[in-house]
Amino acid sequence: MESKPYIDSLAWILIKDRRLLSVRTTGKRKFYLPGGKREAGESDVAALCREVREELGVELDPMSFSLFSVLHEQADGYADGRRVHMTAYTARHRGELRPGREIAEARWLAAADAGICPPAGKRVLSMLSEAHRID
């Protein structure tokens with residue numbers, strides 16, 4: 001059996017007032033962690049800085065990156081069983097969060113909001129709840 005290629009993605013974990021920042025892309029229903037895929041030759045830090053700047057208009061501090069977790073979950077929106085390999089980081093930021101052109105909405109989520117997230121987002125909410133970092 002041939003294995004399907006996985007989706008290699010990066011995510012930014014930002015918690016404020018015991019809630020996790022998530023974004024909804026225009027045309028989508030679910031809320032995803034800010035971030036995305038790296039471009040050819042980009043490091044995790046460079047790619048995540050670029051993606052967060054595009055999505056939320058803030059600058060991540062490259063020196064403040066800390067690995068949160070590496071997740072392997074079912075990819076959202078793929079009927080072929082594809083999985084996502086997500087490397088998630090925390091990092092400090094500068095600037096005011098404001099959704100970019102591809103982002104319809106930014107929302108601060110609690111553990112009870114897992115139903116509006118894809119599998120990787122649900123897993124992160126569960127991990128943060130179990131660690132008593134979000135409500």
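**Figure 1. The aromatic pair Phe-65 and Tyr-89 in the predicted model.** Phe-65 is buried, and Tyr-89 is buried as well. The model shown here and in the other views is predicted. The count of aromatic pairs comes to 1. The ring centres of Phe-65 and Tyr-89 lie 5.5 Å apart and the ring planes meet at 55°, so the pair is classed as tilted. An angle over 60 degrees would have counted as edge-to-face, and one under 30 degrees as stacked. The pair links distant parts of the chain, 24 residues apart: Phe-65 sits in the loop between strand S5 (59-60) and S6, and Tyr-89 sits in strand S7.

**Figure 2. The largest nonpolar core.** This core has 19 residues. Ile-13, Leu-20, Leu-33, Met-86, Val-124 and Leu-128 are the residues with the most contacts inside it. At least two core residues come from each of strand S1 (7-13), strand S6 (66-74), strand S7 (83-90) and helix H2 (119-130). H2 supplies the largest share, 4 residues. In soluble globular proteins, nonpolar side chains tend to be buried together.

**Figure 3. Surroundings of Leu-33.** Leu-33 is one of the residues with the most contacts inside the largest nonpolar core. Leaving aside residues up to four places away in sequence, Leu-33 touches Ala-11, Trp-12, Ile-13, Leu-20, Leu-21, Ser-22, Met-86 and Val-124. Of these neighbours, Ile-13, Leu-20, Met-86 and Val-124 are also listed with the most contacts inside the core.

**Figure 4. Strand S1 and its pairing partners.** S1 is mostly covered, with 6 of its 7 residues buried. S1 pairs with S7 in the parallel sense, over 7 bridges. Ser-9 has Met-86 as its bridge partner in S7. The pairing of S1 with strand S4 (residues 35-36) is antiparallel and runs over 2 bridges. Here Leu-10 stands opposite Gly-36 of S4.

**Figure 5. The loop residue Asp-76 and its contacts.** Asp-76 is found in the loop between S6 and S7. With a relative accessible area of 25%, Asp-76 is partly exposed. Asp-76 touches Lys-30, Tyr-32 and Pro-118, not counting residues up to four places away in sequence. The side chains of Asp-76 and Tyr-32 are joined by a polar contact of 2.4 Å. A salt bridge connects Asp-76 to Lys-30, with the closest N and O atoms 3.0 Å apart. Between the C-alpha atoms of Asp-76 and Gly-95, which are 19 residues apart along the chain, the separation is 30 Å.

Figure 6. The model has 14 salt bridges. Side chains of opposite charge can pair when their charged atoms come close. Asp-44 and Arg-38 meet through their side chains in a salt bridge, at 2.3 Å from N to O. Arg-38 is partly exposed, with 27% relative accessibility. Glu-54 and Arg-50 form another salt bridge, at 3.5 Å from N to O. These two residues are 4 residues apart in helix H1 (residues 44-56), which means that about one helical turn separates them. Glu-54 counts as partly exposed at 41% relative accessibility, whereas Arg-50 counts as buried at 12%.

**Figure 7. The salt-bridge network that includes Glu-51.** Salt bridges link Glu-39, Glu-42, Arg-50, Glu-51 and Glu-54 in a network. Glu-51 has its place in helix H1. Its relative accessibility is 10%, so Glu-51 counts as buried, the cut-off for buried being under 20%. Apart from residues up to four places away in sequence, Glu-51 touches Gly-35, Gly-36 and Lys-37. Gly-36 is also the residue of S4 that stands opposite Leu-10.

Terms used:
Residues numbered from 1 in each chain as written. Predicted model: local features only at pLDDT ≥ 70, side-chain atom pairs only at ≥ 80, totals over all residues. Heavy atoms only, no water. Core = buried A, V, L, I, M, F, W, Y, C linked by side-chain atoms within 4.5 Å. Buried < 20%, exposed > 50% of the residue type's maximum accessible area, 1.4 Å probe, protein only. Contact = heavy atoms within 4.5 Å. Pairing = 2+ DSSP bridges. Salt bridge = Lys/Arg side-chain N within 4 Å of Asp/Glu carboxyl O. Polar contact = N/O pair within 3.5 Å; in protein donor to acceptor, adjacent residues only side chain to side chain. Phe/Tyr/Trp six-rings, centres within 6.5 Å; stacked < 30°, edge-to-face > 60°.
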